[in-house]
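Hi,

Here's the structure I promised to pass on. Have a look at it first, and then read my notes below.

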Amino acid sequence: MAGTKTYDEATVTRFSRELEGLEPQAILRWAAGEFQPGLTLACSFGGPTGMVLLDMMMQIDPDVEVFYLDTDFLFPETYRLREICEAKYGFKAIGYKSLLTPEEQEAQYGPELWSRDPDQCCELRKVEPNYRALEGKTAWISGMRRDQSKTRADIGIVELDRKFGLVKLNPLAAWDERAVWSYIMTHDVP
C-alpha cells in the first residue's frame with residue numbers, strides 16, 4: 001500500500017460511521033486529506049454515477065489519479081467522453097487492459113469465452129487489470145450505491161476491500177438514481 005498508514009476493520013468501520021449522512025463532497029474532501037497520495041478514482045466513462053464522482057473529485061482534488069478498465073470492447077463514445085473529461089478537467093486517465101489481447105485470449109481459451117465462461121472472461125478483462133490499477137494505492141473511490149441491488153444494500157461509506165487489499169470508498173452509497181440525475185442536471189457534468 002502507498003503511504004505509511006495501515007487501516008484495520010475497526011478503524012474503517014469507525015470512519016464509515018462518522019461519515020454516514022454527510023454529503024459526498026464532504027466524504028471526498030475527507031478522503032483526499034486522509035489518503036492522498038495513494039487515492040485513486042475508478043471511472044468507466046459510461047455511467048452517470050461515475051461522471052458525478054469525477055465532477056465532484058476534480059473540484060476537490062484535480063490531482064487524484066483516475067483510472068478505467070479497458071476491455072478492448074468499449075464503445076467509441078466511451079473513449080470520446082473520456083477525452084472530453086480529460087480536456088475539461090485537465091487530467092489524463094490511466095487505462096488498464098488485460099494482459100492478453102482478444103486474439104491471444106481466443107488462442108488460449110477458445111472463441112467466445114464470454115459466452116462459455118463469463119467468470120473467466122471477467123477475470124481476464126476486468127479483475128486482473130483492476131489489481132494492477134490498485135497496486136500501490138491506499139484507497140480507491142467506487143461509484144457503488146445501496147439502491148443498485150440487494151447485495152449492495154448494506155455497503156458502507158468506507159470499507160476494507162479485502163479482495164484488493166486496500167480501503168474502498170463509496171461516497172454515493174446513500175444516494176439513489178434520482179439524486180445522481182439531479183446532480184447532473186444542476187451541474188456542468190459532461
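Let's start with helices α2 and α3, which cross in a right-handed way. Keep in mind that this is a predicted model. Two packed helices are described by the angle between their axes and the distance between the axes. Here, α2 (residues 24–35) and α3 (residues 48–60) pack at an angle of about 50°, and their axes are 10 Å apart. That angle makes α2 oblique to α3.

Which residues do the meeting? From α2 come Pro24, Gln25, Leu28, Arg29 and Ala32, and they meet Leu53, Met56, Met57 and Ile60 of α3. Sorted by type, the residues of this contact are seven nonpolar, one polar and one charged.

Now for the sheet. It is open, has six strands with mixed pairing, and runs in the order β3-β2-β1-β4-β6-β5. At the edges you'll find β3 (94–97) and β5 (158–161); each has a single partner strand, so one side of each is left without a neighbour in the sheet. On average, neighbouring strands are turned by 30° against each other, direction ignored.

Helix α1 (residues 9–19) touches β5 and β6, and its direction makes about 155° with that of β5. Helix α7 (residues 118–134) touches β1, β2, β3, β4 and β6, with its direction at about 160° to that of β2.

Cheers

Note on methods
Residues are numbered from 1 along each chain as its sequence is written. This is a predicted model: local features need pLDDT of at least 70, side-chain atom pairs count only at pLDDT 80 or more; totals for chains, interfaces and linings use all residues. Side-chain values use heavy atoms; hydrogens and water are left out. Axes are lines fitted to C-alpha atoms, for helices over the stretch in contact, and angles run from 0 to 180 degrees between N-to-C directions. Helices (H or I, at least four residues) and strands (E, at least two) are DSSP runs, numbered from the N terminus. Angles under 35 degrees count as roughly parallel, over 145 as roughly antiparallel, 65 to 115 as roughly perpendicular and the rest as oblique. A crossing is left-handed if the near helix is turned anticlockwise from the far one by less than a right angle, and right-handed if clockwise. Contact means heavy atoms within 4.5 Å. Ala, Val, Leu, Ile, Met, Phe, Trp, Tyr, Cys and Pro count as nonpolar, Asp, Glu, Lys and Arg as charged, and the others, Gly among them, as polar. Two strands pair if DSSP finds at least two bridges between them.
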